[in-house]
Every structure is written in C-alpha cells, then in structure tokens.
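Here's a quick briefing to read with the structure open beside you. Take a look first, then work through the points below.

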Amino acid sequence: MTSTPDELAAATRELALAALHEITPAATVGPPAGYSVDDSGAVSLRFENRLSGYPGWYWTVSVAQVDDAEPTVLEVELMPGEGALLAPDWVPWAERLAEYRAHQAELAAQGAESDADEEDTEDDDADLDDVDDLDASDFDEDGSPHLHGGDLDGVDIDELDEDDDDDADEADDES
C-alpha cells in the first residue's frame with residue numbers, strides 16, 4: 001500500500017495520464033502541474049491544459065487507494081485555474097480603435113510591399129474586373145467600402161424600385 005499522498009501522487013501519475021488519454025487526445029494534456037489531497041485521502045493530480053479555448057484551465061484526475069487494493073481513478077475533469085474565469089481588463093474604445101487602425105495600416109503597408117514585388121506580373125492581368133480600379137478613396141477609414149446613393153451590398157435600391165414600376169406599367173398596358 002502506498003502510505004503518503006506524495007507517494008500516491010507519484011505512483012498514480014501514469015494511471016492518471018492513461019485515464020486522461022481515454023477522454024481527450026494526448027496533445028491536449030500538458031506537463032504535471034501539482035496535486036492536492038482531499039480530506040478523504042484521495043489525491044487530485046493536475047496537468048496543464050493545451051486546448052486553445054481554455055487558457056488557465058487544468059486537467060484534474062482524482063485517484064484513491066483503499067487498504068491494499070490497487071489505486072482507482074475516481075474522476076477526470078477539466079477545471080478552471082486561478083483567474084481563468086475572470087474577464088480581461090477593460091480597454092477603452094479609443095485605445096482599441098487606435099490598435100485596430102495601426103494594425104490596418106500595417107496590413108496595408110505589407111500589401112503595398114507585396115504589390116511592388118508583383119508589378120512584373122501585373123502586366124498580364126491588365127484586363128481584370130472593375131475591382132482592380134478601386135483605390136483608397138473608395139473606402140472609409142476603417143476599411144469598409146463607401147456606399148453610394150443607396151447601394152447596399154452592390155445593389156442599387158432605386159433601380160429595383162424602377163424595375164417594379166416598369167413591370168407594373170407593362171401589366172397595365174396588356175390589360
């Protein structure tokens with residue numbers, strides 16, 4: 001029989017990993033992150049979590065050993081660590097907008113560099129659609145396209161109304 005919680009934790013680490021690998025891929029389990037001893041004598045081993053959507057969470061495997069029996073896995077769970085459930089610090093909108101604009105400017109600069117590298121191949125593509133004729137004046141500061149005269153997603157609402165009026169006039173003429 002394993003006598004101390006330290007010895008039980010060391011002896012059952014492989015058992016705990018085997019239990020974890022039954023419910024999650026091995027790539028989602030990180031290195032050991034300590035253990036705790038419950039009042040009942042059970043030991044909860046913690047392993048770092050590598051799931052991308054759960055920063056600060058830990059895989060926890062509770063193991064117990066009664067008398068001379070083999071150690072047994074009681075529970076396997078994903079538990080939040082200290083501060084994992086707290087929202088990140090609030091950042092004022094002006095700062096977030098400044099970061100967004102700086103990122104957009106960086107992307108535009110990278111695009112300009114790649115355009116300069118591709119100037120030799122542009123001669124072959126001279127007859128592309130009207131999209132190639134767009135320039136910076138066609139977009140707002142945030143990178144969204146200007147909407148002109150009632151256009152919504154490239155559809156001129158006024159043209160749709162005129163088409164409906166023409167259809168109605170034709171229907172009247174036929175009767």
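Is Tyr54 buried, partly exposed or exposed? In this predicted model, Tyr54 has a relative accessible area of 37%, so it counts as partly exposed, the class between the 20% and 50% cut-offs.

**Overall layout**
- The protein has five helices and six strands, and along the sequence they run α-α-β-β-β-β-α-α-β-β-α.
- Of the 175 residues in the protein, 15% are buried.
- Take the contacts between residues at least 6 apart in sequence: 35% of them join residues at least 24 apart.

**Helix α2**
- Helix α2 covers residues 13-23, and its buried residues are Ala16, Leu17, Ala19 and Leu20.
- Looking down the axis of α2, those buried residues fall within an arc of 160 degrees, so they line one face of the helix.
- As a rule, an α-helix has 3.6 residues a turn, so residues three or four places apart point the same way.
- On the face of α2 turned away from the buried side, you'll find the exposed residues Glu14 and Glu22.
- As for partners, the buried residues of α2 pack against strands β1 (29-37), β2 (43-49), β3 (57-64) and β4 (72-80).

**Aromatic rings**
- The count of aromatic pairs comes to one.
- That pair is Tyr54 with Trp57, arranged edge-to-face, with 5.2 Å centre to centre and 80 degrees between the planes.
- Over at Tyr58, the charged end of Arg46 sits over the ring, 4.0 Å from its centre.

Notes. Residues numbered from 1 in each chain as written. Predicted model: local features only at pLDDT ≥ 70, side-chain atom pairs only at ≥ 80, totals over all residues. Heavy atoms only, no water. Phe/Tyr/Trp six-rings, centres within 6.5 Å; stacked < 30°, edge-to-face > 60°. Buried < 20%, exposed > 50% of the residue type's maximum accessible area, 1.4 Å probe, protein only. Lys NZ or Arg CZ within 6 Å of the ring centre and 35° of its normal. Helix = DSSP H or I, 4+ residues; strand = E, 2+ residues; numbered from the N terminus. Contact = heavy atoms within 4.5 Å. Arc of directions from axis to C-beta.
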